[in-house]
Protein chains: 2
Amino acid sequence: MAKESGKKWVLMVTAQTPTNIAVIKYWGKRDEKLILPINDSISVTLDPSHLCTTTSVAVSPDFTHDRMWLNGKEISLSGGRYQNCLRELRARASEVEDEEKGIKITKKDWEKLHVHVASYNNFPTAAGLASSAAGFACLVFSLAKLMNVKEDQSKLSAIARQGSGSACRSLYGGFVKWIMGKEKDGSDSVAVQLADENHWDDLVIIIAVVSSRQKETSSTSGMLETVETSMLIQHRAKEVVPKRIIQMEEAIKNRDFPSFARLSCADSNQFHAVCLDTSPPIFYMNDTSHRIISCVEKWNHFEGTPQVAYTFDAGPNAVLISHNRETAALLLQRLLFHFPPNSNTDLNRYLSQSGICTDSNVLICINV
Amino acid sequence: MAKESGKKWVLMVTAQTPTNIAVIKYWGKRDEKLILPINDSISVTLDPSHLCTTTSVAVSPDFTHDRMWLNGKEISLSGGRYQNCLRELRARASEVEDEEKGIKITKKDWEKLHVHVASYNNFPTAAGLASSAAGFACLVFSLAKLMNVKEDQSKLSAIARQGSGSACRSLYGGFVKWIMGKEKDGSDSVAVQLADENHWDDLVIIIAVVSSRQKETSSTSGMLETVETSMLIQHRAKEVVPKRIIQMEEAIKNRDFPSFARLSCADSNQFHAVCLDTSPPIFYMNDTSHRIISCVEKWNHFEGTPQVAYTFDAGPNAVLISHNRETAALLLQRLLFHFPPNSNTDLNRYLSQSGICTDSNVLICINV
């Protein structure tokens, strides 16, 4: 095992991975175990300095079991999703040598060594803000670094996918497509980057946090129930999404905001429509979400061309994508007007960021 | 004209028509003017002693124009829908003679005589409680009686349909199917009775009035926008509904409550799903509607077999159909528990009926 056995050592890697927000939604699997989707999806990866997961992974001959802590609390790694990621990564681990520390781990050593994982989300877990996407992407990325896995991002994305489907999209910045693939073993169900983070850097993303409570229906069970009971989901996956994917790729390529906004809003609404068509029906949006949509729709209608796109994941929180800094400022004004601070005891709001900064894919998080 | 011209007379007819609640929904027209739907629908007609319209129609040689009052307020009859109904009925009017009053109206007289219409709803107008269905059915029925129109109910239903699509279903009691028809002129788009009001008389209907405010999106403009923009509506109309119509007819024939409930709930949810898939999206249900659904779904799941079916029209109010008097009593208990009186200033509730009576298709209206 380690070159100088008997001597205690720890080898550690820390990584940070942003979350991603789908603008053409992933909802429904054709293979539950391998996590293979029934349609392609497209997402925007957020700036890692905002919503992100930070994960430290460590290996030491003193570790007797694989263990993990999420936000400071130990969680079990026995679930199939963690086991699949760990198994796939161990099988691809290579020799690691740190001469300074006098550490040498052979490919074979990795089969017996155990890892400790400590992961933190800087945003609410399981509130429909894609925490598992950032989480599994970061886990796979940091472990791959620790274990000296020599695979390209695309292969790593297929491993992250087995932890949480949408995690595969968080391994790239910018605009990312998750290709559903055709193979039974999932080898071609991988993420690819459509455009990097500099391609369209005047977009500003504002997240209106309607509720940070954990959602009642997890995405995993929700999409399973939709596939089993909705009479509309197959039509969506086979007839509607393939056309939208082509249109969305074109809109992103041309930085065509009106098309981007129309497709994002329509696809978000259709995702929630198939949730409602599930038996029993799944409601992720609430009255506040509906009010935010009405506010944006009225504004876009009044201006004659979309100023802001909205998209909602499996929760009531609104992800609002503004055309540029100016519209983002106007949007914040409108949100403050329609959802004034302390207008309701349930609705208290604050700006978690001091203002709009000039980074690409800026994220501002507010409570409504 | 009248036999004794110069002498003032008024001939009057009063009728009462109940509203109907669709359990397989009508949403979307293939012909806006003739009001021809894109799918069949099935409804339950309510007991006329509860939600209903009362309409008095009168004719007199002194009337200089057709005029109408709705709930005491004069409204214009110039709209195409009223004009279509009046034109169709006038064309079919026959001779009327009242020897006692000394009145004789020939077929030709009807072309020049004018009518006055006074209509009252005993429930909120345009709050998604199918007020226009009862209203136009009653208008056509009472005018047909006044004008001595010698057509069967089915022909009258085709006239009422041109006032408000779902009105055609209110001309029969019990369970009614509106056949979409194939003809371009709409002559085969008529209502037929599937079973009369005595066929399944242990059902109890409770309407939970969530809001009596007028809805933001009228059914007419809503369904037009859905047909124009939803990518799911055609699949619903062509693939899903035809199968559900067959299953629902079977469930009604066999008084099979579990199937009846499952189909009603699924079709209500799918109707709201295609509303959500509309651009801009249409929300008729609110958080209270969602809570009522969750409450019913949990109860039905716990019991292993449906106790209560829910269906929501173009508004947030819940129509709850209980299997029998016992489940209706339990449902009322649950509603009172989950939506206690005055728990919120916005939610005040009362029983508008003194209790559950034993009539067929009993209706109890409560505010939640």
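The side chain of B:Asn20 reaches the backbone oxygen of B:Ser166 at 3.1 Å, in a predicted model. B:Asn20 sits in strand S2 (residues 20-24) of chain B, and counts as buried at 1% relative accessibility.

**Ground rules**

- Residues are numbered from 1 along each chain as its sequence is written, while chains are lettered from A and ligands numbered from 1 in the order in which they are written.
- Local features need pLDDT of at least 70, side-chain atom pairs count only at pLDDT 80 or more, and totals for chains, interfaces and linings use all residues, with side-chain values based on heavy atoms and with hydrogens and water left out.
- Buried means under 20% relative accessible area, exposed means over 50%, and partly exposed is in between (1.4 Å probe, protein chains only).

- Chain A comes to eight helices and 17 strands, taken as DSSP runs (H or I of at least four residues for helices, E of at least two for strands) numbered from the N terminus.
- Of its 368 residues, 55% count as buried.
- Among chain A contacts (heavy atoms within 4.5 Å) between residues at least 6 apart in sequence, 72% join residues at least 24 apart.
- The largest nonpolar core has 204 residues, and those with the most contacts inside it are A:Phe260, A:Leu320, B:Phe260 and B:Leu320. Such a core is a set of buried Ala, Val, Leu, Ile, Met, Phe, Trp, Tyr and Cys residues joined through side-chain atoms within 4.5 Å.
- Leaving aside neighbours within four places in sequence, B:Leu320 is in contact with residues including B:Val204, B:Ile206, B:Ile292, B:Tyr310 and B:Leu335.

**Where the chains meet**

- 25 residues of chain B are in contact with 25 residues of chain A.
- About 2,200 Å² is buried between the two chains, with carbon and sulfur atoms giving 67% of that; buried area is the accessible area (1.4 Å probe) that two parts lose on being put together, summed over both.
- Between chain B and chain A there are zero salt bridges, but six residue pairs are in polar contact (both at pLDDT 80 or more).
- On the chain B side, helices H5 (233-253), H6 (257-276) and H7 (287-303) each supply at least two residues. H7(B) gives the largest share, six residues.

**Salt bridges**

- The count over all chains is 22 salt bridges, each a side-chain nitrogen of Lys or Arg within 4 Å of a carboxyl oxygen of Asp or Glu.
- A:Asp66 pairs with A:Arg90, with the closest N and O atoms 2.8 Å apart. This one links distant parts of the chain: A:Asp66 is in the loop between strands S6 (52-60) and S7 (67-70), and A:Arg90 is in helix H1 (residues 80-91), 24 residues apart. A:Arg90 is buried, at 17% relative accessible area.
- A:Arg67 and A:Glu74 meet at 2.7 Å, N to O; A:Arg67 is partly exposed at 33%, and A:Glu74 is partly exposed at 38%.
- A:Lys253 bridges to A:Glu250, with the closest N and O atoms 4.0 Å apart. These two are separated by about one helical turn because they are three residues apart in helix H5 (residues 233-253) of chain A. A:Lys253 is exposed at 54%, whereas A:Glu250 is partly exposed at 41%.
- Salt bridges that share partners join A:Arg87, A:Glu88, A:Arg92 and A:Glu151 into one network.

Terms used:
A polar contact is a pair of N or O atoms within 3.5 Å; within protein, one must be able to donate a hydrogen and the other to accept it, and residues adjacent in sequence count only if both atoms are side-chain atoms.
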